[in-house]
Every structure is written in structure tokens, then in C-alpha cells.
Amino acid sequence: MQESFINAGDTAWVLVSAALVMIMTPALGFFYAGLVRRENVLTTIMHSLTVLAIVSVQWVLWGYSLAFSGDIGGVIGNLDYFAFNGVSNMEAGPAAGVPHSLWAVYQGLFAAITTALITGAFAERLKFKALILFTVLWSTFVYSPVCHWVWATGGWLFDFGALDFAGGTVVHISSGIAAVVAAVMVGHRVNFGKEEPKPHNLTYTVLGAAFLWFGWFGFNAGSAWAANEIAANAFVVTNVAAAMGVLSWVAAQWVREGKPSVLGGAAGAVAGLVGITPAAGFVNPAGAIIIGFGAGVLCYLGLGIIKNVLKVDDALDVFAVHGIGGIWGAIATGFLAVASVNGPTGLIDGNPGQVWTQIVAVAAVAAYSAVATFILLKLIDVTIGLRVTEPEESVGLDESVHGEFGYRMAD
Amino acid sequence: MIEFIALICFALVLVAMIAAPAQSRPVVRAESKPSPVLTRSATQSA
């Protein structure tokens, strides 16, 4: 009998990790849904659900292939894996000991949550059809190429030596930058600047944050693609960075505003998780505490600048948390990576050049995401339009777009 | 070195939270008003 290529422990861990990453997208839906007006609670959850559904199919058909099949000039793959042709259960893919098909689906769930993150920027005002079109276009023309650059063999940032363990550039910077571009292009909500937006149900937001934290163990520790010592390190640093993000955001907010808010705690957890994402396989727990600390403080301060100084209605603070947190985490990886974790080193371990490499990766991904997102949204705007009408926005998208009510419990 | 910086970060947030200003806004006890929808629902189920 032929010996199986499968490593049962590694495969089991990637199976569980894929499920953990899947739950992050609906968790994000709840995180966001608690922050909007109650008239938009279902719409906000629906955005995450729809993105998860569309990208899951798009990824099988062509998204995975463009990201990971072959290489065209270091910038994109080809269509050899179209519809998962050649993506077999019976042989390993990039992760030795794990079926190629499982690894590919695990990657697809990253693509889904990345696109879903952006929906927070244009919450409460985007046409549903525009969301559908944007999801297909953005995941194809932004996510897949950036994913190829950083993670695929032959990708130009991969060859350049950029370190991104679980998606600081690929997931958080690409979506965070896209979010701020989208917020500007879609325009602010009708009442932006006139009345302070009040989250309608913070318990949803905390519930969403809790599930995001839970799922992030699959996101980061699963990115070791094996049940090994690197996964263990990623698990440990993910938890401590999230915890430090909570503490530093709450502390900064308490000092500046006089109250330690629950929302600050939830947002701080996500900021810490975002910050540690690129670093999870390269830094030790002490490094993770520093990253979590910086993520909480920088994202909190950045949020104030975006809202109050730049007056951009990034409705649910996607850029502040994912853009700033991702940039901080990616650059901090260049400082704090130590050889004892996984091999690659940063400035503190005698490799100052890694900081420059990280800055180049951040700048390249941010610039590409900004330009490509602008073009895609412009295209949607001139064809089917981006925004709902003002009356539709005022009455709320749950009723005007979906014909439902989140809280009609009894009649 | 890095462990020492991490320790300072942790100490900093703890000190900041403990030394943070007292509540800046007066606490006003709001009247407890049950939601009309929930009240109706509770009545029906009873």
C-alpha cells in the first residue's frame, strides 16, 4: 500500500484553522452591525455574508489561480488552477503534508474577510448591487495580485524579502487603504458632522470582537500551515498582542477623554490583532507586547485624525484600525523579528535592512490598493452608481433595500 | 532589551489607567423605560 503524503496533525490543524478563519467574516458582520444605526443592522451583517459567499465562489473559479498558479512577471499568477483544476486532495500544495485543496480553501477565507473588512467604510449608504460588483472586482484585481506579490513563489515582494506572516500587507493594509479611498469616493453619510453617530448595540460589537479574537488564532497560528513550534509561537503572540491592544487603547482613551469605553476595548483588541498579524511567525512574546501597545495607541490616535481633522466618513473606522494597525505591524516586524522564532531577523537581531524592505512592501501595497480601488469604484459609479438615494438612506437600508427589520420581534 | 521595553509598555498602560482622570461627565441616573415592543411581546407571551 502506498504511503500517504498527509501529515494528520498538520492537516487537522489547517482544517480547524480554516473553520476559525471562516467564522471571522460573520463575526466581523456582528462587530460592524453593533456600530451602525439600528435601521441598518441587517444590511451590515448582510454585507459580510454576501462577501463571504461571493469570494468563496470567485476564489474557486479564478481568484486562487490568479494568486497562486504560476507567475507572470512577479505580479500575478495565471489561470492554470481555474475552477480548482489541478488543486487536488490527493497531493500536497505549498504546505507539505496538507492537501492542496484544503490549503487553497484556507487561503480563500482570507480573501473573503479582506474584502469584507472594506464594507465598514461605506456602511449605511452603499447600493447593494454596487457591493456585489465591488466585491467581485476588488477581490480579483486587488486581492489576488497583492496576494501573489507577497505570498506566491515568484511574487516580487516575496523575492524582495518582505515579511508578512499572516497578512499585514495582503489583508490589512490593502483593505485599510481601500477603505479610506472608498469612504472618500462614496461620500459621507447624510448626517455626518451634524450629529455624532451612536452605535446602536455595542453588545453585538463586543460579541463580534470576541469571535474575531477567537478566529484570529486560526488566522495567525494556522498560517504556520502545520501543528508545530511556529504555530505555537503565533498563538502565544496573537493572544498577548490582542490583550495589550485592549489595555493601550483603553488607557489612551481614558487619559484623553476621561472614560474607559467598552467600544475602545473591543476596537483595541482588533487593533492589537491586526498589528501582530504580519509579525506572528517572526517575533517573540516581548515583541508582541510592544506591537500590541503601539497598535492600540496609534490606531486610537489615528481614528481621531481621520474623523475630526480630515473629516473622512470612514463609517466604522476601517482605515484607523486596519490601515494604521497593518502599517505599524508590518514595519514593526522589520524591527522586532528574531531568528530564534523562525529564522528571519529584524533590526534588533542585527538586520537593519529588513526595516527598509518592510517600508517598501507597505508603500507598494498601499499605493496599488489606493489606485486600483479608485479605478474600480469610479467604474462602478459611472455604470450602476454607488449610493442609495437620500430617502433610502434616511429610512435605513434594512427596510429600503432588503425589506426587513432587525428588531421587529412582535406585532 | 526588548523584554525591558515590553515591561515598560505594560507598566505605562497600568499607570495610565490607574492615574486617569475621574469621570469627566456627571452621571445622571436615567429613568428605566421598558421598550414598547418588548413590553407588548412580554404581555402576549404571558
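User: Which residues of H9(A) are buried?

Analyst: A residue is called buried if 20 or more other C-beta atoms lie within 10 Å of its own, exposed if 12 or fewer do, and partly exposed in between, with C-beta atoms placed from the backbone. Helices (H or I, at least four residues) and strands (E, at least two) are DSSP runs numbered from the N terminus. In H9(A) the buried residues are A:Gly264, A:Ala266, A:Ala267, A:Gly268, A:Ala269, A:Val270, A:Ala271, A:Gly272, A:Leu273, A:Val274, A:Gly275 and A:Ile276. Because twelve of its 15 residues are buried, H9(A) is largely enclosed by the rest of the structure. This is a predicted model, in which local features need pLDDT of at least 70 and side-chain atom pairs count only at pLDDT 80 or more, while totals for chains, interfaces and linings use all residues. Residues are numbered from 1 along each chain as its sequence is written, and chains are lettered from A and ligands numbered from 1 in the order in which they are written.

User: Which helices do the buried residues of H9(A) pack against?

Analyst: Two residues are in contact if their C-beta atoms, placed from the backbone, lie within 7 Å. The buried residues of H9(A) pack against helix H6 (168–186), helix H7 (202–220), helix H8 (229–257), helix H10 (285–309) and helix H11 (318–336) of chain A.

User: How many residues does the largest nonpolar core have?

Analyst: A nonpolar core is a set of buried Ala, Val, Leu, Ile, Met, Phe, Trp, Tyr and Cys residues joined through C-beta atoms within 7 Å. The largest one has 156 residues, and those with the most contacts inside it include A:Leu212, A:Val270 and A:Leu273. The largest share of this core, 15 residues, comes from H8(A). Leaving aside residues up to four places away in sequence, A:Leu212 touches A:Met24, A:Ala27, A:Leu28, A:Phe31, A:Val270 and A:Leu273.

User: What is the radius of gyration of chain A?

Analyst: The radius of gyration is taken over C-alpha atoms, and the globule rule is 2.2 Å times the number of residues to the power 0.38. For 411 residues a compact globule would have a value near 22 Å, and chain A, at 20 Å, agrees with this. Of the residues of chain A, 60% count as buried, and its secondary structure comes to 15 helices and zero strands.

User: What share of chain B is made up of buried residues?

Analyst: Buried residues make up 7% of the 46 residues in chain B, which has two helices and zero strands.
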